[in-house]
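Here's a quick tour for anyone meeting this structure for the first time. Have a look at the sequence and the model, then read on.

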Amino acid sequence: GNLKDALQIFNSSLNENLRADKEVVLFTVKQVGKALEFASDDLRDDKKVVMTAVEEDWTALQYASQTLRGDKEVVTATVKRNGKALEYASEELRGDKEVVTAAVVQNAGALHFVSEVLLKDNERIVRIVK
């Protein structure tokens, strides 16, 4: 379909200028969040672009910059959509009580991605799960 064609064009290395065009990228990730993978590094580090992408598809968080994967606002919003997005968060946020609580409340499967440091604190985990 048209969307698939659009993504192929967007992904083309001949279109570096499109991959760096904020309006084009915003429009694209609003339709298909995972298209964030093909955005320029600068736009993968743009909070508005990343938030738009994860609103459409929480798995798009994996394509965000390291900085935004460590941004508490971005990660919290994403794990509230699906707790398993915790997998793509920074190690620091995978040990953050508020972020982990939001993730586990949304999807108990998020426990697989909780930081080892936090997991060792069994008492905290029990409180979170309850």
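What follows starts with the whole chain and then turns to a few residues.

This is a predicted model, so a few ground rules apply: local features need pLDDT of at least 70, side-chain atom pairs count only at pLDDT 80 or more, and totals for chains, interfaces and linings use all residues. Residues are numbered from 1 along each chain as its sequence is written, and side-chain values use heavy atoms, with hydrogens and water left out.

**The whole chain**

- The protein chain has 10 helices and 0 strands, where helices (H or I, at least four residues) and strands (E, at least two) are DSSP runs numbered from the N terminus.
- Going along the sequence, the pattern reads α-α-α-α-α-α-α-α-α-α.
- The chain has 130 residues, and 45% of them count as buried; buried means under 20% relative accessible area, exposed over 50%, and partly exposed in between (1.4 Å probe, protein chains only).
- Its accessible surface is about 7500 Å², with 47% of that belonging to carbon and sulfur atoms; areas come from the Shrake-Rupley method with a 1.4 Å probe, and for residues only the protein chains shown count as cover.
- Take the contacts (heavy atoms within 4.5 Å) with a separation of 6 or more: 40% of them are between residues 24 or more positions apart.

**Leucine 43**

- You'll find leucine 43 in helix H4, residues 41–44.
- Leucine 43 is buried, at a relative accessible area of 8%.
- Leaving out residues up to four places away in sequence, leucine 43 touches Arg19, Ala20, Asp21, Lys22, Val25, Leu36, Val49 and Val50.
- From leucine 43 to leucine 26 it's 17 residues in sequence and 9.2 Å in space, C-alpha to C-alpha.

**Threonine 76**

- Threonine 76 sits in helix H7, residues 72–81, and counts as buried at 18% relative accessibility.
- A polar atom of the threonine 76 side chain lies 2.7 Å from the backbone oxygen of lysine 72.

**The aromatic pair**

- Searching the whole structure turns up 1 aromatic pair.
- Tryptophan 58 and tyrosine 88 form this tilted pair, 6.5 Å centre to centre with 35° between the planes.
- Rings of Phe, Tyr and Trp (its six-membered ring) pair if their centres lie within 6.5 Å; planes under 30 degrees apart count as stacked, over 60 as edge-to-face and the rest as tilted.
- The pair links distant parts of the chain, 30 residues apart: tryptophan 58 is in the loop between helix H5 (47–56) and helix H6 (66–69), and tyrosine 88 is in the loop between H7 and helix H8 (97–106).
- Tryptophan 58 is partly exposed at 23% relative accessible area, while tyrosine 88 is buried at 14%.

How values were computed
A polar contact is a pair of N or O atoms within 3.5 Å; within protein, one must be able to donate a hydrogen and the other to accept it, and residues adjacent in sequence count only if both atoms are side-chain atoms.
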